[in-house]
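Student: I've got a new model open on my screen and I'd like to talk it through. Can we take it piece by piece?

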Amino acid sequence: MSRIVAAEECTALGATQHTLEAYPNRDVSLGHLTVTRVLPIRDRRMIGPWCFLDRFGPLSFSGDKPMDIAPHPHTGLQTVTWLLEGEVLHDDSLGSEATARPGGVNVMTSGRGIAHAEQTPRQNSGRLNGAQLWVALPDAHRHVEPSFDGIERVPLIEEPGGLAQVFAGSLGSVSSPGRHFSDLVGADLQVHPGSDLSLDLRRDFEHAVLVLDGDLSIEGEPLLPRMLYYLGANRSNAAFTSRTGGRALLIGGPPFAERILMWWNFVARTPEEIAQYREDWELQRRFGDVPSYKGERLAAPELARIARPGAMS
Ligand code: MN
């Protein structure tokens, strides 16, 4: 039986050589929070196993919490929440409760299915600045049992010209302790004013860079804000320079060998799977509850609607 599901098909860019291609970010409005959608890029591509990237903030707030995402389901992916400032409280259907803070990372493995809520905690700094990324799980691992890793402090590489906080996978000889199911890297790079930072990269990875703050150039080419720069593959090194100091996300991995389907909060392989996951959420099967969240859970969109994921959803 074939179903009409308006899912987005995503594949890795998979350049075999160096390149420097700029893909513009776009704003997505979610209630009173505007976020910047970086991935999937408009022609529906991923970077290694990274299939989704939203940038939120920097912003200041008082009163209403800027982030309040009611319980919703995920399948076939990991969420990786990385903060530059502020706090995000995570509650899930396994009973995990963890507040993400700068310098630490939350890695949630949905595997076969999990539900979670994400919100600004009552006790907060009045600042929000960060990113949420999704990693597609390879077919051999996409039905694993769900799990959650809350890591308080990720490892770093320190050089005279800057530093790299490794929040996912490995960069050089440094590895983040969060569990992952394929090779990848996720790192927050900081280059000091008037300095350069040179990093060893894996030649079998494709990589991309997103400026978070300040100014940065790579091999003499200035990197603009609100652009994802795809660096291609077959690169053993990347050299960044900054005049006034700069900060960027670096993501990468081997070009993902599988075609994925993304719809709402699900990563799947077939429209039938997506229809099944949606039905399971609506009938309160598979995913479990998030009892610590006070309020209604999110309802699934209609299948025939293109349902792009929400920020932090
Ligand atoms: Mn979510």
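Predicted model: local features only at pLDDT ≥ 70, side-chain atom pairs only at ≥ 80, totals over all residues.

Student: Which protein donors does the manganese ion have?

Tutor: Donors are N, O and S atoms within 2.8 Å of the metal (3.2 Å for Na, K and Ca), and water is not among the atoms, so sites may look incomplete. In sequence the donor residues follow the spacing H-x1-H-x41-H. Each one uses its NE2 atom, at 2.1 to 2.2 Å from the manganese ion: His-72, His-74 and His-116.

Student: How many residues apart in sequence are the parts that His-74 and His-116 tie together?

Tutor: Strands are DSSP runs (E, at least two residues), numbered from the N terminus. His-74 lies in strand 7 (residues 68-74) and His-116 in strand 12 (residues 114-119), so the parts tied together are apart in sequence by 42 residues.

Student: Is His-116 buried or exposed?

Tutor: Buried means under 20% relative accessible area, exposed over 50%, and partly exposed in between (1.4 Å probe, protein chains only). His-74 is at 0% relative accessibility. His-116 has a relative accessible area of 0% too, and counts as buried.

Student: Why is strand 9 largely enclosed by the rest of the structure?

Tutor: Look at both faces of strand 9 (residues 88-92): Val-88, His-90 and Asp-92 sit on one side, Leu-89 and Asp-91 on the other. Strand 9 is largely enclosed because the buried residues number five of the five.

Student: In strand 12, what is the bridge partner of His-90?

Tutor: Two strands pair if DSSP finds at least two bridges between them. Strand 9 and strand 12 have four, in the antiparallel sense. The partner of His-90 is Glu-118.

Student: Which residue in the turn between strand 9 and strand 10 has a positive phi?

Tutor: Strand 9 also pairs with strand 10 (residues 97-100), antiparallel, over four bridges. The two form a hairpin with four residues between them, and the residue with a positive phi, about 95°, is Gly-95.

Methods: Residues numbered from 1 in each chain as written. Heavy atoms only, no water.
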